[in-house]
Amino acid sequence: MRWKITRNFMLTIVFVVISVVIINIISILYVVSTNSFFKAVDSKNNPEEFARSFEKDLYEKNGVLRLSKIGIDKLEKSNSWLQVLNDSGEEVYGMNVPKDTPKKYTPFQMVNNYKYRETNYINFILEKTLNKKHLNVIVGMPSRDTSRIIFTYSNDSVKETLNKIIIITLVIDGMVALGVGYLFSRKLTKPISSVLWSVETMANGNYSLYLKDRGIYEEVFANINMLAYTLRINEAERKENEKLREEWLANITHDIKTPLSSIQGYAEIINDKDYEFVEDELREYTEIIYNKSKYIKDLVDDLNLSTRLKNNNIVLNKKKINLIGLVRNIIVDILNDNRYKNRYIEFECYEESIEVHVDPILLRRAITNLIFNSIVHNSEDTLIEIKIIKKDNIEIIIKDSGVGISENDLKHIFEKYYRGTNTGELHKGSGLGMAISKEIIEIHKGNIYVNSKIGVGTEIIIEINQN
């Protein structure tokens, strides 16, 4: 993949460079062939055109050659001179002609002075016919102002030379384009190769990579590093959740099998026809069977409720209730249970009534779970304080002076199937209580926060909207 990208990029650069070279060569050849480069805009800037302009300035009057005033002015301004010769090379008219200029020319002198002889003047020759007389006109211009290069060439050699120039130019430019294209493409495509490698590596489940975020792809590398970090965190959380789920399944299996074994054992005893029971024994055995079966039912109910909350498959049956009365009844019910009659629970609220629009059954379940956690995870002498404070929102605060929760347990406290490390024999629940409480509060558009410190205690704050 990396070499494919490099190759395509190099070919693109070479194609662009060669196209530009060909276009430039065609443009130059067109300009040269049409002589547009050598054409002057006016005679003032072109010595040849300046010399030819004197054709119209020469005229004959009464058989005598004359130069117009315009022509004379042009010669004066340009410090030039003009000499008219007949076909025999003899001067028949002159204007500003230098003293050392011949009065008669041979054909050789004419050609030599025009092409090869270097003097203070550059000679330009033109022809003119006046009254059927053929005249040769020499216009001399100062060499300090005018230069002329005369060259001869063969059309075939020019074509051959141009072909060589084009071929050599294309070859050299192509090689330069290949070299530059390779170096540039390597610099440009190497980071892309790193990106592709990173994506492929992460696709294979390896998220431990790290790319140096620098160069033109700095933001891309930074995002890839962030993605890899996020995937690592997610993978670690997934493995942790898998571990928790496996532990939960093992615990739930054990928790269900234990009461089932008791139910089965006591049922077999009661069903034994050879044994005569007294009334107290039957009452004791049936109570055990009832409690164990109720425990299993509670586990199943927790699982069912958790699944419905997760899938948003619960319709809230909201009613307007007095929140103070609801919490007070929960506390009374708990303390009326013989198992918790020696617990210390203080309830404090300065309002007589706080009305809220909630599902009373679900909210009761959430608050009960949270209070029970403070009871079953702490000793009997632990003080539990419950307050209701009415602010912008309503706060229910459940605070205990118990053993507290470790930082590791605090991170997972609302995760499903999680059981804290300080869960004792007194409370072998499903591991869903805190998660269920949180989800119930959140579907009521509320919030829940937990603060805890080992050896100090735990504080749970529930925020509930008044609407």
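**Exercises on a predicted model**

**Exercise 1.** Name the residues that V21 touches, not counting residues up to four places away in sequence.

*Solution.* Step 1: V21 is in contact with T169, L170 and D173 when residues up to four places away in sequence are left out; contact means heavy atoms within 4.5 Å. The structure is a predicted model, in which local features need pLDDT of at least 70 and side-chain atom pairs count only at pLDDT 80 or more, whereas totals for chains, interfaces and linings use all residues. Residues are numbered from 1 along each chain as its sequence is written, and side-chain values use heavy atoms, with hydrogens and water left out.

Step 1: V21 belongs to helix α1, residues 2–33. Helices (H or I, at least four residues) and strands (E, at least two) are DSSP runs, numbered from the N terminus.

Step 2: Between V21 and L170 there are 149 residues of separation in sequence, yet their C-alpha atoms are 7.2 Å apart in space.

Step 3: V21 counts as buried because its relative accessibility is 10%. Here buried means under 20% relative accessible area, exposed over 50%, and partly exposed in between (1.4 Å probe, protein chains only).

**Exercise 2.** Give the strand order of the open sheet of 4 strands and explain why β4 and β5 stand at its edges.

*Solution.* Step 1: The order is β4-β3-β6-β5, and the pairing is antiparallel.

Step 1: β4 (91–95) and β5 (121–130) each have a single partner strand, so one side of each has no neighbour in the sheet.

Step 2: From one strand to the next, the twist averages 20°. Axes are lines fitted to C-alpha atoms, for helices over the stretch in contact, and angles run from 0 to 180 degrees between N-to-C directions.

Step 3: Over 10 bridges, β5 pairs in the antiparallel sense with β6, residues 133–142. Within this pair, I138 in β6 is the bridge partner of I125.

Step 4: Helix α4 (residues 107–115) packs on the sheet and touches β3 (81–85), β5 and β6. The direction of α4 makes about 130° with that of β5.

**Exercise 3.** Determine which strands form the edges of the open sheet of 5 strands, and which helix packs on this sheet.

*Solution.* Step 1: The strand order is β8-β10-β11-β13-β12, with mixed pairing.

Step 1: β8 (344–348) and β12 (447–453) are the edge strands, since each pairs on one side only. The twist averages 10° from one strand to the next.

Step 2: β12 and β13 (residues 457–464) run antiparallel and are joined by 7 bridges. S452 stands opposite T458 in β13.

Step 3: Helix α8 (residues 323–336) packs on the sheet, where it touches β8, β10 (383–390) and β11 (394–400). Its direction makes about 170° with that of β8.

**Exercise 4.** List the buried residues of helix α11 and the elements against which they pack.

*Solution.* Step 1: α11 covers residues 433–443, and M434, A435, I436, S437, E439, I440 and I441 are buried in it.

Step 1: These buried residues pack against α7 (279–310), α9 (360–376), β12 and β13.

**Exercise 5.** State where K445 and N79 lie, and whether the phi of each is positive or negative.

*Solution.* Step 1: Most residues other than glycine have a negative phi.

Step 1: K445 lies in the loop between α11 and β12. Its phi is positive, near 65°, although K445 is not a glycine. K445 counts as exposed because its relative accessibility is 63%.

Step 2: N79 lies in the loop between α3 (69–78) and β3. N79, also not a glycine, has a positive phi of about 55°. With a relative accessibility of 42%, N79 counts as partly exposed.

Technical notes. Two strands pair if DSSP finds at least two bridges between them.
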